[in-house]
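Here is a short briefing on one protein chain. Keep the model open as you read, and find each residue as it comes up.

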Amino acid sequence: MKELTCIVIGGGYAGINAVKAIRNTFKDKANKRPLRLILIDKNPHHLRKVLLFKPAVTNEDIRVSLTELFPKGVEFVQATVKNIESEPKKLNYQDVNGNWKSMYYDIIVVAIGSVVRQPDLAQGGIALASLATSLQIKETWRANLKKAVIETNARERQRLMTIAVAGAGISGIETSAELAYYVREDAQKLGLDPSSVRINLINTNKSLFPDGPPKVGLKLERYLRTSGVTVNHEVKILQEKEGVLTLSSGEMMSVGLCVWTLGLLPNPNLRNIGLPITSDGHLIVDPSYRVHDAHGVYSIGDCARIVDPASGQADGKTCKEAIAQATRLAKIVLADLEGHPAPKHKGFIDFFCFGMGPKKGMAWTHFWGMDFIFTGKLGWILRKFTWNSASLL
């Protein structure tokens, strides 16, 4: 019987969970056709993107080798996908040596994810957008503390010990909490007064976590305040220049470092691979993740606009959605191959977790018409579980 070739593009959260789900679902099915499962990514590792703040404060490595994640049963190709031809079902890519190659497929799953939104170059600061910028953030605040040790001018010393985080989504909240702990810890080691470290979280909204009930946002703010983070609501940073922030309120703020955490955008490479996209750059898929006008091509994760057909609600951009989508995708692909009705997308329950510094966390869910908030050790366990399970650890 002819081999079934399934290619998953992207080694992020959606991609690796799709590989796992397809392999498990097809193990003894798919009309007994042997499955050739291929994972393509430009990097040899899975980057745990939700943990980008970790290298900004510690020496933790947030990369996981893709061949270690899938030592058997999955072929890994390190390459950049250039385009997909629906007829005759061919994928064209460029390998790490710059050679152009092609591969024929039966099924393709596009899961190339998102990129971090970045400010204009003229706005200054450093965006928490990659492993390189995360390390740059750490080098900057550590260098500032060393300068503060020998600085005799009190105002300049305070500037060096002040950090602003622009963007108060989950990433901004977690980044602020981690910086508050580790910058104070290093300040104390250097003989500086740790209470002089100021972490300012800049929030354009009226409160934190507008996707949930007000009490969750208030609880988050109280947690941050006790950790040493000041939240500034209904204001945005217009520009950082030479250690001075210009705020939309007209105020100025002196800082040693400005960190941008501005959310996600669909991967810009989607515009070049020959598949239909929305005006804002997401792949167009039906309720069963099939890409419009591309037989055998599916998409999940941040790169696709996935909407619950019952509620009309678009899925969020967190790793928990990627896991649920991947599990359903494997069932959809199998149903399509066997000619059965395929499942349709269903939105994930309201469930959000927040890291609040080392071994501290908070989680909220809405179930049975009630809000449940978990803090303390249980909040941390839930947060750590979501991070690890999303990366198959």
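**A residue in the core**

Setting aside residues up to four places away in sequence, V110 touches I9, I84, L270, I273, L275, L283, V297, Y298, S299, I300 and C303. The model is predicted.

**Nonpolar cores**

- The largest nonpolar core has 60 residues.
- Which residues have the most contacts inside this core? They are I84 and V110.
- Helix α7, residues 319–338, supplies the largest share of this core, with nine residues.
- There is also a second, separate core, made of 44 residues. Among its members are L145, I173, V197 and W387.

- V110 belongs to strand β8, which covers residues 107–110.
- I107 and V109 point one way from the strand. I108 and V110 point the other way.
- In a regular strand, side chains alternate between the two faces of the sheet.
- Are the residues of β8 that point either way buried or exposed? I107, I108, V109 and V110 are all buried.
- Strand β1, residues 4–9, runs parallel to β8, and four bridges join them. In this pairing, I7 stands opposite I108.
- Strand β20, residues 297–299, also pairs with β8 in the parallel sense, over three bridges. Here I108 stands opposite V297.

- R383 is found in helix α8, residues 376–390.
- Why does R383 count as buried? Its relative accessible area is 7%, and the cut-off for buried is under 20%.
- Leaving out neighbours within four places in sequence, R383 is in contact with I170, E174, C353, F354 and G355.
- With one of these, E174, the R383 side chain meets in a salt bridge, at 2.8 Å from N to O.
- This pair links distant parts of the chain. E174 is in helix α5, residues 170–189, and R383 is in helix α8, 209 residues apart.
- E174 is buried, and so is R383.

**Other salt bridges**

- How many salt bridges are there? The count comes to 13.
- D371 forms a salt bridge with K215. Their closest N and O atoms are 3.6 Å apart.
- D371 lies in strand β24, residues 370–374, and K215 lies in helix α6, residues 214–227, so the pair ties together parts that are 156 residues apart in sequence.
- D371 counts as partly exposed because its relative accessibility is 28%. K215 is partly exposed too, with a relative accessible area of 46%.
- D286, R290 and D336 form one network, joined by salt bridges that share partners.
- The side chains of D95 and K101 also meet in a salt bridge, at 3.3 Å from N to O.
- Within this pair, D95 counts as buried, at 13% relative accessibility. K101 counts as partly exposed, at 40%.

How values were computed:
Residues numbered from 1 in each chain as written. Predicted model: local features only at pLDDT ≥ 70, side-chain atom pairs only at ≥ 80, totals over all residues. Heavy atoms only, no water. Core = buried A, V, L, I, M, F, W, Y, C linked by side-chain atoms within 4.5 Å. Buried < 20%, exposed > 50% of the residue type's maximum accessible area, 1.4 Å probe, protein only. Helix = DSSP H or I, 4+ residues; strand = E, 2+ residues; numbered from the N terminus. Contact = heavy atoms within 4.5 Å. Pairing = 2+ DSSP bridges. Salt bridge = Lys/Arg side-chain N within 4 Å of Asp/Glu carboxyl O.
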